[in-house]
Amino acid sequence: LFLSLMALVQFPLRFYSSHILEHKYGLSNQKLKGWLKDYGKGLFLTYLFSVPVITGLYYLLPLQLWWLYAGVAYFFLIVFMNHIFPVLIFPFFYKIEPYKDRRMKNKLIDMAKKFGKRIDNVFVAKESEKSKKANAMFAGIGNTKRIVLFDTLLNSFTKDEVETVIAHELGHYVNKDTIRYIIIDALRIFPVLLIIDYILRNSIGKFGITAMNDITSLPLFLLAYYLIELAFMPVLNTYSRHREKEAD
């Protein structure tokens, strides 16, 4: 119920930023029906993952070191999400097909192999059904690693330009940026949860909160989490820009 309330409050801004604004600047090809379909899919995934995670978290909250156990669990969760993203989550939103240009595919695979990165699969995502924006990415970890090219990139750029874009993404892989971000994200969550622990313990007896695992504390928990994340954002964005420069 609380997640639904949050979605309702956030809907106008989400609609404006990802549909109206995109059309205003000629970036979107998506009709309202398609946008609503994708929004519904995103909402479904929010319930699918958030409800079990929040439930598990509230089982941990009575423990003295709940933030430590939750942080460790978070690390395994983000590794799992990175693993399943290209095979389950991304195809949930995009039509995916194997890249059919065998010569270019082998060239991209050989480029990765030259720098010690074995990737066997190259796919094309139908971005043109949603927008005009061109992109590409290396996705997945372990046996789900793959190169994903947006069809807007292939249709609007030369093969040399496509190769340059892939070289940038390969730069992230060579620099182990995926692993870096997983480790940084995992380390960051511990002080975030520790601060939330302090806030919740000092809120017992206030706002109708009777215990650490009282579900009444959920709004306060999420408010504290979002505000702390907001405070971290400039530092994380600055680091992200640095990693992009290194990949270039």
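The structure is a predicted model, in which local features require pLDDT of at least 70 and side-chain atom pairs count only at pLDDT 80 or more, while totals for chains, interfaces and linings use all residues. Residues are numbered from 1 along each chain as its sequence is written, and side-chain values use heavy atoms, with hydrogens and water left out.

**Overall fold**

- The protein chain contains eight helices and four strands, taken as DSSP runs numbered from the N terminus (helices: H or I, at least four residues; strands: E, at least two).
- In sequence order the elements follow the pattern α-α-α-β-α-β-β-β-α-α-α-α.
- The C-alpha trace spans about 65 × 40 × 30 Å along its principal axes.
- Of the 248 residues, 36% are buried (buried is under 20% relative accessible area, exposed over 50%, partly exposed in between; 1.4 Å probe, protein chains only).
- Among contacts (heavy atoms within 4.5 Å) between residues at least 6 apart in sequence, 73% join residues at least 24 apart.

**Nonpolar cores**

- A nonpolar core is a set of buried Ala, Val, Leu, Ile, Met, Phe, Trp, Tyr and Cys residues joined through side-chain atoms within 4.5 Å.
- The largest such core has 25 residues, of which Y58, L61, W66, L193, I196, L200 and F221 touch the most other members.
- Helix 2 (32-60), helix 3 (66-93), helix 7 (177-201) and helix 8 (218-247) each supply at least two residues of this core, and helix 7 gives the most, with seven residues.
- Leaving aside residues up to four places away in sequence, L193 touches W66, W67, A70, G71 and F221.
- A second, separate core of 18 residues includes M111, I119, A136 and Y173.

**Helix 2 and helix 3**

- The axes of helix 2 and helix 3 come within 12 Å and cross at roughly 160° (axes are lines fitted to C-alpha atoms, for helices over the stretch in contact; angles run from 0 to 180 degrees between N-to-C directions).
- Helix 2 is therefore roughly antiparallel to helix 3, a term for angles over 145 degrees.
- Residues D38, K41, G42, F44, L45, F49, V53, L57 and L60 in helix 2 meet W66, Y69, A70, L77, M81, I84, I89, F92 and F93 in helix 3.

**R118**

- R118 lies in the loop between helix 4 (102-114) and strand 2 (122-125).
- R118 counts as exposed because its relative accessibility is 63%.
- The C-alpha atoms of R118 and K176 are separated by 14 Å, the two residues being 58 residues apart along the chain.

Terms used. Angles under 35 degrees count as roughly parallel, over 145 as roughly antiparallel, 65 to 115 as roughly perpendicular and the rest as oblique.
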